[in-house]
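Here is a short report on a single model. Keep the sequence and the structure in view while reading.

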Amino acid sequence: RVALWYRERGKAVFNLGLAPLSGTGPNPSLPERALAVAYRVGGAGYSFYGVRDFKNKFRPRWEPRYLCYPSLRALPRVLFAAAEIRFPGRPR
């Protein structure tokens, strides 16, 4: 309904947001391969695949987004920080 509301007002673009973990580079590193597994099997109660599948119904123009982290050791902390943005105050 929100997308239709924007279309009725002459907007040609509507941002559906991200599809987390749904892509890796052409030569994925070990962390990227691990994240690809997480994408396929999903997290606790979250279907990453389902999110992308749902959004694909609208024939979106996908644009890559990147997560940068200083070291492999820091990656879990970076992922928790990213999750905190999405789900603030949620217990871990």
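## Basis

This is a predicted model: local features need pLDDT of at least 70, side-chain atom pairs count only at pLDDT 80 or more, and totals for chains, interfaces and linings use all residues. Residues are numbered from 1 along each chain as its sequence is written, and side-chain values use heavy atoms, with hydrogens and water left out.

## Overall fold

The protein chain has 4 helices and 0 strands. Its elements run α-α-α-α from the N terminus on. Helices (H or I, at least four residues) and strands (E, at least two) are DSSP runs, numbered from the N terminus.

Of the 92 residues in the protein chain, 11% are buried. Buried means under 20% relative accessible area, exposed over 50%, and partly exposed in between (1.4 Å probe, protein chains only).

## Helix H2

H2 has 12 residues, which at 1.5 Å a residue should span 16 Å. The expected span is 1.5 Å times one less than the number of residues. The end C-alpha atoms of H2 are 17 Å apart, which agrees.

Which residues of H2 are buried? They are Pro31, Ala36 and Tyr39. Seen down the axis of H2, the buried residues fall within an arc of 140 degrees, so they line one face of the helix. The arc is that of the directions from the helix axis to the C-beta atoms. Leu30, Arg40 and Val41 are exposed on the other side of H2.

## Nonpolar patch and ring pairs

A nonpolar surface patch is formed by Val2, Trp5, Tyr6, Phe14, Leu16, Phe54 and Phe58, with about 660 Å² of accessible area together. Patches are made of residues with over 30% relative accessible area and no salt bridge: like charges are joined within 9 Å, nonpolar side chains (Val, Leu, Ile, Met, Phe, Trp, Tyr) within 5 Å. Areas come from the Shrake-Rupley method with a 1.4 Å probe; for residues, only the protein chains shown count as cover. Helix H1 (residues 2-8) gives the largest share of the patch, 3 residues. Leu16 sits in the loop between H1 and helix H2 (30-41).

The whole structure holds 3 aromatic pairs. Tyr6 and Phe14 form a tilted pair, 5.6 Å centre to centre with 50 degrees between the planes. The ring centres of Phe54 and Phe58 are 5.4 Å apart and their planes lie at 75 degrees, so this pair is edge-to-face. Rings of Phe, Tyr and Trp (its six-membered ring) pair if their centres lie within 6.5 Å; planes under 30 degrees apart count as stacked, over 60 as edge-to-face and the rest as tilted. Ring pairs also link Trp5, Tyr6 and Phe14 into a cluster.

## Salt bridges

The count is 3 salt bridges, each a side-chain nitrogen of Lys or Arg within 4 Å of a carboxyl oxygen of Asp or Glu. Glu8 meets Arg9 at 3.6 Å, N to O. Glu8 is exposed at 64% relative accessible area, and Arg9 is partly exposed at 46%.

Arg61, Glu63 and Arg65 are linked in a network. The closest N and O atoms of Arg61 and Glu63 are 2.6 Å apart. Arg65 and Glu63 meet at 3.3 Å, N to O. Glu63 is partly exposed, at 39%.

## A positive phi

Most residues other than glycine have a negative phi. Arg59 has a positive phi of about 50 degrees although it is not a glycine. Arg59 lies in the loop between helix H3 (48-56) and helix H4 (75-86). Arg59 is exposed, with a relative accessible area of 75%.
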